[in-house]
2 protein chains.
Amino acid sequence: MDSTFAQSLVISIPRWVDEILAGFAGPLESLEERMGLAIALAQNNVARGGGPFGAAVFLGARLVGVGVNRVLDSGFSIAHAEIVSLMAAQHTLAAERVKMGRFSLVTSTEPCCQCFGAIVWSGIEELVCGAITEDAEEIGFDEGPKPEGWAAILERRGITVVQRVRRDEARSVLADYRGRGGTIYGMRHPSVG
Amino acid sequence: MDSTFAQSLVISIPRWVDEILAGFAGPLESLEERMGLAIALAQNNVARGGGPFGAAVFLGARLVGVGVNRVLDSGFSIAHAEIVSLMAAQHTLAAERVKMGRFSLVTSTEPCCQCFGAIVWSGIEELVCGAITEDAEEIGFDEGPKPEGWAAILERRGITVVQRVRRDEARSVLADYRGRGGTIYGMRHPSVG
């Protein structure tokens, strides 16, 4: 084998997220305010040709990571908004030893099967969702085979699940994406057929 | 908000994987030979203080990505061997337009709930596993809430699942990890409590 397989795999969070964040005066205390940020990230990602999904992670009152869907830009099928924001938060927290406050993921749409599973290992204690699974499926996205009663399963593992926070606004980002003729990347990753 | 949230999130594949690969004369045609590589990666990751999991991705006869568990090194709970190898493969393939041959993931242990979900979107057409879920759970790892009949669910989505390939050898890597007193990172990510 003569190829080199040692390499760095990079998911980048685009610069424009900082402009969006500048429009929010922190701290974002209520779940509604936090969802407003996740929705704004989703909306702005659509405007820039990305998937209609945004997410943010909080530790107590503090924002520790944000994410938008980067599947089409990065070529990585893993790069959903939830995964990107969780990685960003873990990157922020890796240097700190003490965890102060509730570790919470706020996402503009309920997680797919992949993000459901990733949430289990992420260390979060709260999951806050906007649009529901059926809203994503209505525009043609496949949320995949999540286990029956997925929210209750997370609850049993100590993760509080709050659903339908500003659902209508979150849903309208999905409708906007469909209206623009956005790619519905589904089961098959675009780069591999 | 005065922090910068635009950033690069990096998962690195260590240099020593190239040394391991140098010991394998390609192409690895049979599933047994391919599993031998995944097991060797797992074994060598344990020897270097990592988790006891390795994986490799093939496109037809060609090896296009390898991965080892990087959770403890990277601080990212997502960095399971399957995810790392799939990202590596997608990175390799992103520059290419034509997909030639079967896209296959070979993993030393059956996927957890997170990797199960990620596999659904990864574009692979074949999943080859060594040790079974119960083998991982026997040493204390939690494989998480995979849906009932997860292998059949993948099959229905067009992904052939082959189980128990060189299971005993794959399992002995897990036993070796436990024997060395390796960290059993589970539901809660180590960096966040």
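**View 1. The contact between chain A and chain B.** In this predicted model, chain B brings 55 residues to the contact and chain A brings 55 residues. On chain B, the side that touches chain A draws at least two residues from each of strand S1 (8–12), helix H1 (16–22), strand S3 (62–68), helix H4 (81–93) and helix H5 (113–122). H5(B) gives the most, with 8 residues. By class, this side of chain B has 33 nonpolar, 17 polar and 5 charged residues.

**View 2. Strand pairing across the two chains.** Strand S1 (residues 8–12) of chain A runs antiparallel to S1(B), and 5 bridges join them. A:Ser12 has B:Ser8 as its bridge partner in S1(B).

**View 3. The open sheet of chain A.** Its 5 strands follow the order S3-S2-S4-S5-S6, with mixed pairing. Strand S3 (62–68) and strand S6 (160–162) each have a single partner strand, so they form the edges, and one side of each lacks a neighbour in the sheet. From one strand to the next, the twist averages 15°. S3(A) and strand S2 (residues 54–59) of chain A are antiparallel and joined by 6 bridges. A:Ala56 pairs with A:Val66 of S3(A) as its bridge partner.

**View 4. Helices on the sheet.** Helix H2 (residues 31–47) of chain A packs on the sheet and touches S2, S3, S4, S5 and S6 of chain A. The direction of H2 makes about 145° with that of S2(A). Helix H8 (residues 167–179) of chain A also packs on the sheet, touching S4 and S5 of chain A. The direction of H8 makes about 60° with that of S5(A).

**View 5. The largest nonpolar core.** This core has 126 residues. A:Ile119 and B:Ile119 have the most contacts inside it. Beyond four places in sequence, A:Ile119 touches A:Leu105, A:Pro111, A:Ile124, A:Leu127, A:Leu154 and A:Ile159.

Terms used: Residues are numbered from 1 along each chain as its sequence is written. Chains are lettered from A and ligands numbered from 1 in the order in which they are written. This is a predicted model: local features need pLDDT of at least 70, side-chain atom pairs count only at pLDDT 80 or more; totals for chains, interfaces and linings use all residues. A nonpolar core is a set of buried Ala, Val, Leu, Ile, Met, Phe, Trp, Tyr and Cys residues joined through C-beta atoms within 7 Å. A residue is buried if 20 or more other C-beta atoms lie within 10 Å of its own, exposed if 12 or fewer, and partly exposed in between; C-beta atoms are placed from the backbone. Two residues are in contact if their C-beta atoms, placed from the backbone, lie within 7 Å. Two strands pair if DSSP finds at least two bridges between them. Helices (H or I, at least four residues) and strands (E, at least two) are DSSP runs, numbered from the N terminus. Axes are lines fitted to C-alpha atoms, for helices over the stretch in contact, and angles run from 0 to 180 degrees between N-to-C directions. Ala, Val, Leu, Ile, Met, Phe, Trp, Tyr, Cys and Pro count as nonpolar, Asp, Glu, Lys and Arg as charged, and the others, Gly among them, as polar.
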